[in-house]
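Me: I have a model open here and want to go through its packing. Can you take my questions as they come?

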Amino acid sequence: RAFVGGNFVSTTSANIGINVQGIAASEPMFAVVGNLVAGNPLNLNAGSLHLGGNRNGRPINFNGGGALVQDPTLFDSAITNLLQTATAQLAQEPANNGISLPVGQPGAARFQVTTTTADGVAIFQVAAADLFANNLVQQMELTPGAATTILINVTGSSADWSGNGNMVGNFTNSQWRGRVLWNFAQATSINFRAHNFMGALLAPY
């Protein structure tokens, strides 16, 4: 499911609700507090679109049998406050693993788990510029070891994936994509450019 607290400004086509089962057609799969901008079709493969603002002629394909539900009562303050509290709490968790970054010549950025908490959580911390804007990083690798969950706290007020390194291996594995949380607790601007980002992303600012 996707919730947009402001306007949905992307003009490119998007697929929402892929491989989601057991959702009634009337349930919100995509909620937008503000407006949709005009653009290419949105494809809802399950559930309905709940919209607080204007559609602006945006084509919507309801492949799961849903519909457009105008709902001017939508608001984002409750979920925003919840996520901002969560991002701050997670940022306070001390790293129990280190990241190996290439020095001097191109190579891999390696997230290798050697330690976990009693709950099986492996925690890393890295500056956004050191990872995403580092031209020496050819690829990003994850060795999860005995971890059940991976938390990566990314510091910095902005993140610009201007480097060439892509996520590979376990980062692209369907099991681990659902067990990795990237926490951008300070970022007010994020640009992943044309890279495929893997894992859950928390960036409420």
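Reply: Terms before residues: buried means under 20% relative accessible area, exposed over 50%, and partly exposed in between, with a 1.4 Å probe and protein chains only. This is a predicted model, where local features need pLDDT of at least 70 and side-chain atom pairs count only at pLDDT 80 or more, while totals for chains, interfaces and linings use all residues. Residues are numbered from 1 along each chain as its sequence is written, and side-chain values use heavy atoms, with hydrogens and water left out.

Me: Ok. Is Ile-79 buried, exposed or partly exposed, and why?

Reply: Partly exposed, because its relative accessible area is 34%. Ile-79 sits in helix H1, residues 77–91 (helices are DSSP runs of H or I of at least four residues, strands are E runs of at least two, both numbered from the N terminus).

Me: And the core: which residues touch the most other members?

Reply: In the largest nonpolar core, which has 28 residues, they are Phe-132, Ile-150, Ile-152, Phe-171 and Trp-182. A nonpolar core is a set of buried Ala, Val, Leu, Ile, Met, Phe, Trp, Tyr and Cys residues joined through side-chain atoms within 4.5 Å.

Me: Which elements give two or more residues to it?

Reply: Strands S9 (107–112), S10 (121–127), S11 (137–143), S12 (149–155) and S15 (180–183), plus helix H2 (128–132). Apart from this core lies another, of 14 residues, including Met-29 and Leu-42.

Me: How many aromatic pairs are there?

Reply: The count is 13. Rings of Phe, Tyr and Trp (its six-membered ring) pair if their centres lie within 6.5 Å; planes under 30 degrees apart are stacked, over 60 edge-to-face, and the rest tilted.

Me: What about Phe-111 and Phe-171?

Reply: Their centres are 5.6 Å apart and their planes at 85°, so that pair is edge-to-face. Phe-111 is in strand S9 and Phe-171 in the loop between strand S14 (166–167) and helix H3 (174–177), so the pair ties together parts 60 residues apart in sequence. Phe-111 is buried at 0% relative accessible area, and Phe-171 is buried at 1%.

Me: How do the rings of Phe-171 and Trp-182 sit?

Reply: That pair is tilted, because the planes are at 35°, with centres 5.8 Å apart. Phe-171 and Trp-182 are eleven residues apart, the latter in strand S15.

Me: Switching to Asn-35: where is it?

Reply: In the loop between strand S3 (28–32) and strand S4 (42–44). Asn-35 counts as partly exposed, because its relative accessibility is 26%. From Asn-35 to Gly-52 is 17 residues in sequence and 7.0 Å in space, C-alpha to C-alpha.
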